[in-house]
Amino acid sequence: MFTTTGAFSGFSVDDIPAARRFYGETLGLTVTDNAMGFLELHLPSGGTVLAYPKPDHEPASYTMLNFPVPNIDSAVDDLRGRGVDTNIYAGGSMPVDEKGIMRGNGPDIAWFRDPAGNVNAVIQA
């Protein structure tokens, strides 16, 4: 019988060690290896997201993970201090400021990429 218990999301990367460093060390998530050698990203909310290697990986052009934060400016400053580029849409179709934050068009949000080029975001909670 189909159930939704234990459902999880996943995405591909082109370099498992780089993803482990980025999500574990740079972002501070708990990251474990599963029995198949894939990464499990353990979210503080209790969810788990799978990161798996894919030889012909193409980066997700949409936002895969959103990280709600109480203060987007301090979160962006912190990410930038860790070497994360939060200004990936500068000069494009998204109206972002010098930090890469889109303000006043829904919740304030800033996007950044993981080492595989997948898009993530911090969003004002």
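**Note on the predicted structure**

1. Strands S1 and S4 pair in the parallel sense over five bridges; two strands count as paired if DSSP finds at least two bridges between them. Helices (H or I, at least four residues) and strands (E, at least two) are DSSP runs, numbered from the N terminus. Within this pairing, serine 12 has tyrosine 52 in S4 as its bridge partner.

2. The model is predicted: local features need pLDDT of at least 70 and side-chain atom pairs count only at pLDDT 80 or more, while totals for chains, interfaces and linings use all residues. Residues are numbered from 1 along each chain as its sequence is written, and side-chain values use heavy atoms, with hydrogens and water left out.

3. The chain contains two helices and eight strands. Along the sequence these elements follow the pattern β-α-β-β-β-β-α-β-β-β.

4. The pairing of S1 with S4 belongs to an open sheet of four strands in the order S1-S4-S3-S2, with mixed pairing. S1 and strand S2 (30-33) stand at the edges with a single partner strand each, so one side of each has no neighbour in the sheet. From one strand to the next, the twist averages 25° (axes are lines fitted to C-alpha atoms, for helices over the stretch in contact, and angles run from 0 to 180 degrees between N-to-C directions). As background, strands of a sheet pair through backbone hydrogen bonds, either parallel or antiparallel.

5. S2 and S3 run antiparallel and are joined by four bridges; here threonine 30 stands opposite histidine 42 in S3. S3 and S4 also pair in the antiparallel sense, over four bridges, and leucine 39 has alanine 51 in S4 as its bridge partner. S3 and S4 form a hairpin with five residues between them, and glycine 46 in the turn has a positive phi of about 110°.

6. The largest nonpolar core has 27 residues, of which Phe11, Tyr23, Phe112 and Val122 touch the most other members. Such a core is a set of buried Ala, Val, Leu, Ile, Met, Phe, Trp, Tyr and Cys residues joined through side-chain atoms within 4.5 Å. Buried means under 20% relative accessible area, exposed over 50%, and partly exposed in between (1.4 Å probe, protein chains only). A second, separate core of seven residues includes Tyr89, Met102, Trp111 and Ile123.

7. Lysine 99 lies in the loop between H2 and strand S6 (101-102). Is this residue buried or exposed? Lysine 99 is buried, because its relative accessible area is 18%. Leaving aside residues up to four places away in sequence, lysine 99 touches Asp73, Val76, Asp77, Arg80, Thr86 and Asn87, where contact means heavy atoms within 4.5 Å. The C-alpha atoms of lysine 99 and arginine 80 are 8.9 Å apart, although 19 residues separate the two along the chain.

8. The C-alpha trace spans about 45 × 30 × 25 Å along its principal axes. Buried residues make up 38% of the 125 residues.
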